[in-house]
Amino acid sequence: ETVRATGETSDGRGDGVAHEGRPTDDVERGARADSPTPDELARARSVAPDRLRRSLSGDLDNIVLKALRKEPSRRYASVEQLAEDIERHLDGLPVRARADTFAYRSRKFVRRNKGGIGAAVGVSLSLVGGLAATTWQWRVARAERALAERRFGALRGVTHSLMFEMHDAVSNLEGSTAARQLLARRTLEYLEALAREAGDDPTLLTELAIAYVNLGDVQGNPYYPNVGDAAGALESYRKAQAIAGSLAAAAPANARARRHLWLTQVKTGDMQTFTGDIDGAKQSFGRAQATIEELAAGHPDNVSLQQDLGSSYDRNGNAHLAANDPAAALDWYRRALAIFEELSAKNPADDSLRRNVASAYGKVGHAQLKIGALGESLDSYRRLVELNRDRRAADPTNAFTRDDLAGSLGALGEAQAAAGDTRGARRSLSEQLKMYREMAVADPANAKTRTALAAAAERLDNLARRP
């Protein structure tokens, strides 16, 4: 049947009737009339006709055709080669009868390894799907992180504005104590929330320490308008000092961090002096002095650091005066005054330096009064009042200049009374009382003013009772 189908004899010579086509074509249509039909062949092998055709096509077609080539050079060279090709077909390997192309080898490889390739494809699809999901999640996370960073930056900007711009803008205004307290608390709440998010960000922690200082000032610092919460102020200053201390320890070469540490040490000492913890105040002021002396020595032309050094001398004088040692206090006050006067002479437009000079004259006058040097004390107090009148005239809406002038009038009045100048004392104390009454009306939340008003009224009443 095959010989007639191909037009070749067994010795390779054609009979002149070349039959075009593959052996599977004969299977499909039958090679002659008495040949089995495709359906009969399929039933005999218990397979469907299409499946029989597919199983016989391809490599088997090519093996048969190669075996029956007319040209001996194109046929199998031996029975062994034919058998080997049939065996390779059965094993799913590439056969010699087919052109050795990459596509053909790939198809054979896939058929031999359907299970493994299927699993590999499944894994690959899973990986691709996982990668796609991961990429999508990464993009979502990146977008959310960017949004969170923008919100973080916006809140930090608002907090910075509350703490430095708005707080500083209202701190000198009369009647601003309640507003300062609200700003300080809101700022602190925001900063604490930001600090929990940012962790160990030094800049943010520095701002948090400053916020605690601002809150402590409005809570109970005796040198500022406050609401009378001395215990709360001391706690706030200690929290600020703990933060500033850790920052300074982490960056000992950072002058700004060490300056903030000095500030918190001074503030803590102020409250300890005010609450009667004199030993604690001396320790705080001693640490503060050691901190600032080293800084100031390394920056002799830095006005702020030199001013801080003078403030440290002033605070040590306060502690010694509270410890009933006015002579030692006077020495510290004079050292502070010398620094402030030198700085103010070089920077005459700086009101903070002029305030330091005026305050130092008041401290010197008080220590002189304590040691019995009445004439010198009166001179110092008159200079104090003169400086504060000038400051008040230059900045009449500043709450600090008004408070400073009222306080200096009371100090002068007491010295005048001690020196026997009753008329001068009455004039000074009456002007002070009038100013405190006006201040109490303007800022009813200011506990410092209420306390000063009561003290001024008592001093004037005691003066009136003198024989």
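Helices H15 and H16 pack with their axes 8 Å apart, at an angle of about 155°. An angle over 145 degrees counts as roughly antiparallel, so H15 and H16 are roughly antiparallel to each other. The crossing in which H15 passes H16 is left-handed. These values come from a predicted model.

The contact between the two helices involves Pro 326, Leu 330, Tyr 333, Arg 334, Leu 337, Phe 340, Glu 341, Leu 343 and Ser 344 on the H15 side. On the H16 side, the residues that meet H15 include Leu 353, Arg 354, Asn 356, Val 357, Ala 360 and Tyr 361. Further along H16, Lys 363, Val 364, Ala 367, Gln 368 and Lys 370 also take part in meeting H15.

H16 itself covers residues 351-370, 20 residues in total. From its first C-alpha to its last H16 reaches 29 Å, close to the 28 Å expected at 1.5 Å a residue. The buried residues of H16 include Leu 353, Asn 356, Val 357, Ala 358, Ala 360 and Tyr 361. Also buried in H16 are Gly 362, Lys 363, Val 364, Gly 365, Ala 367 and Gln 368. What covers the buried residues of H16 includes helix H14 (303-322), helix H15 (326-346) and helix H17 (374-394). Just after H16, Gly 372 takes a positive phi of about 90°.

Elsewhere, the largest nonpolar core has 69 residues. Leu 208 and Ile 243 are the residues with the most contacts inside this core. Leaving aside neighbours within four places in sequence, Ile 243 is in contact with Leu 205, Leu 208, Ala 209 and Tyr 212.

Gln 416 lies in helix H18 (residues 399-418), and Asp 461 has its place in helix H20 (residues 447-465). Their accessibilities are listed below.

| Residue | Relative accessibility | Class |
|---|---|---|
| Gln 416 | 6% | buried |
| Asp 461 | 36% | partly exposed |

Gln 416 counts as buried because its relative accessibility is 6%, and buried means under 20%. Not counting residues up to four places away in sequence, Gln 416 touches Leu 378, Asp 421, Gly 424, Ala 425 and Ser 428. Asp 461, at 36% relative accessibility, therefore counts as partly exposed. Asp 461 and Arg 426 are 35 residues apart in sequence, and their C-alpha atoms are 9.7 Å apart in space.

Notes. Residues are numbered from 1 along each chain as its sequence is written. This is a predicted model: local features need pLDDT of at least 70, side-chain atom pairs count only at pLDDT 80 or more; totals for chains, interfaces and linings use all residues. Side-chain values use heavy atoms; hydrogens and water are left out. Helices (H or I, at least four residues) and strands (E, at least two) are DSSP runs, numbered from the N terminus. The expected span of a helix is 1.5 Å times one less than its number of residues. Buried means under 20% relative accessible area, exposed over 50%, partly exposed in between (1.4 Å probe, protein chains only). Contact means heavy atoms within 4.5 Å. A nonpolar core is a set of buried Ala, Val, Leu, Ile, Met, Phe, Trp, Tyr and Cys residues joined through side-chain atoms within 4.5 Å. Axes are lines fitted to C-alpha atoms, for helices over the stretch in contact, and angles run from 0 to 180 degrees between N-to-C directions. Angles under 35 degrees count as roughly parallel, over 145 as roughly antiparallel, 65 to 115 as roughly perpendicular and the rest as oblique. A crossing is left-handed if the near helix is turned anticlockwise from the far one by less than a right angle, and right-handed if clockwise.
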